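My notes follow in the order I made them.

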Amino acid sequence: MSRDLLMVKRSRGKLAPTDHYGLLNRLHRNASKPPNVAIPANHPTADKPCHTGQGFNLETLALAMNGSAIRVDNRCHTSMRNVWAIGDLTGEPMLAHRAMAQGEMVAEIIAGKQREFSPAAIAAVCFTDPEIVVVGKSPADAEAAGLDFISASFPFSANGRAMTLESKTGFVRVVARRDNHLIVGWQAVGAGVSELSTAFAQSLEMGACLEDIAGTIHAHPTLGEAVQEAALRALGHALHL
C-alpha cells in the first residue's frame with residue numbers, strides 16, 4: 001500500500017456555492033433580455049471547508065494554509081512531502097467536478113505520471129429553477145481585466161426547443177475578445193442549461209473563436225442552437241432575431 005496520503009473532501013452543502021447566486025443578479029442586469037426570476041436572499045446554500053473536528057487530526061499536520069483552505073500548488077501538493085489535498089479543502093471554487101478532476105490527477109501523480117492542474121475554465125452551475133451556468137469571464141470580469149471585448153445574448157424565447165418545452169425564460173450569452181474573437185466566457189440562465197456547460201467549458205479549453213461556434217451546424221430543435229445564435233449575434237448576423 002502506498003505511504004502517500006491523499007486527502008479528499010466531498011462537498012457537504014448544496015450543489016451550488018453561495019456566491020454563484022449573486023451571479024444571477026449580475027446576469028439579470030447585464031442581459032439584453034433578462035429573465036423574470038428571483039432567488040431568496042436567505043437561501044441556505046452555503047458551502048465552506050469543514051476540516052476541523054472531523055476525526056483525522058488535520059490540525060496536527062504542519063500544513064501551510066490560505067485562510068481556512070489548505071494551500072496547494074498546481075499539482076495539488078501541500079507544504080508537506082507526500083501529502084496532497086483536493087476539493088473543498090483547497091478553497092474556491094468548491095465544485096464536485098473540480099474535486100473529481102483533481103483526484104484523478106493526484107492518483108496519476110502518485111502512480112508516477114507527470115500531471116498538473118491548469119484548466120482554462122471550470123463551469124459553475126446552479127441547479128435552481130431556472131438553472132444558471134457561468135464559465136469563464138462575464139462582461140464585468142472582462143471589463144475589470146481591461147479587455148476590449150464584445151458580448152451578445154440570445155433569448156430562449158426565440159429558441160424552438162425552449163418553446164416546445166414551454167420554458168422560454170432565459171438566455172445564453174457569450175463574451176469574446178474584439179480583436180481576434182477568442183471566446184473568454186459564457187453565461188446562461190434557463191431550464192436545462194446545465195447540459196450546455198460542457199460545450200461552454202470545451203470551447204474555452206480549445207481556444208475557440210466566435211466563428212468556430214457560429215460555423216458549427218447545431219441540431220434542430222435543441223437548446224444548443226441558442227449557443228450558436230449567441231455567437232452569430234456577436235458577429236452581427238443572428239438568424240432568429
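Is M94 buried or exposed? I looked this up in a predicted model, where local features need pLDDT of at least 70, side-chain atom pairs count only at pLDDT 80 or more, and totals for chains, interfaces and linings use all residues. I number residues from 1 along each chain as its sequence is written, and side-chain values use heavy atoms, with hydrogens and water left out.

**Entry 1: M94.** I find M94 at 6% relative accessibility, so it counts as buried. Buried means under 20% relative accessible area, exposed over 50%, and partly exposed in between (1.4 Å probe, protein chains only). M94 sits in the loop between β4 (83-87) and α2 (96-110). My helices (H or I, at least four residues) and strands (E, at least two) are DSSP runs, numbered from the N terminus. From M94 to A124 I read 9.2 Å between C-alpha atoms, with 30 residues of sequence separation.

**Entry 2: the sheet.** I traced an open sheet of five strands, ordered β5-β6-β9-β8-β7, with antiparallel pairing. Two strands pair if DSSP finds at least two bridges between them. β5 (124-126) and β7 are at the edges with a single partner strand each, so one side of each has no neighbour in the sheet. I get an average twist of 10 degrees from one strand to the next. Axes are lines fitted to C-alpha atoms, for helices over the stretch in contact, and angles run from 0 to 180 degrees between N-to-C directions.

β8 and β9 are antiparallel and joined by seven bridges; V175 is opposite G185 in β9. I noted that α5 packs on the sheet, where it touches β5, β6, β8 and β9, and its direction makes about 170 degrees with that of β9. α7 also packs on the sheet, touching β7, β8 and β9, at about 135 degrees to the direction of β7.

The antiparallel pairing of β7 with β8 runs over seven bridges, and I150 has A176 in β8 as its bridge partner. I count six of the seven residues of β7 as buried.

**Entry 3: the core.** Which residues have the most contacts inside the largest nonpolar core? They are V135, F156, V172, I183, W186, F200 and L210, in a core of 32 residues. A nonpolar core is a set of buried Ala, Val, Leu, Ile, Met, Phe, Trp, Tyr and Cys residues joined through side-chain atoms within 4.5 Å. Elements giving two or more residues to this core include β6 (131-136), β7 (149-155), β8 (170-177) and α6 (210-214). The largest share, six residues, comes from α7.

For L210, leaving aside neighbours within four places in sequence, I list contacts (heavy atoms within 4.5 Å) with I150, V174, A176, H181, I183, A231, A234 and L235.

**Entry 4: α7.** Nine of the 10 residues of α7 are buried, so this helix is largely enclosed by the rest of the structure. The buried residues of α7 pack against β7, β8, β9, α5 and α6. After α7 comes G236, with a positive phi near 95 degrees.

**Entry 5: aromatic rings.** I found one aromatic pair. Rings of Phe, Tyr and Trp (its six-membered ring) pair if their centres lie within 6.5 Å; planes under 30 degrees apart count as stacked, over 60 as edge-to-face and the rest as tilted. W186 is in strand β9 (residues 183-190) and F200 in helix α5 (residues 197-205), 14 residues apart. Both W186 and F200 are buried.
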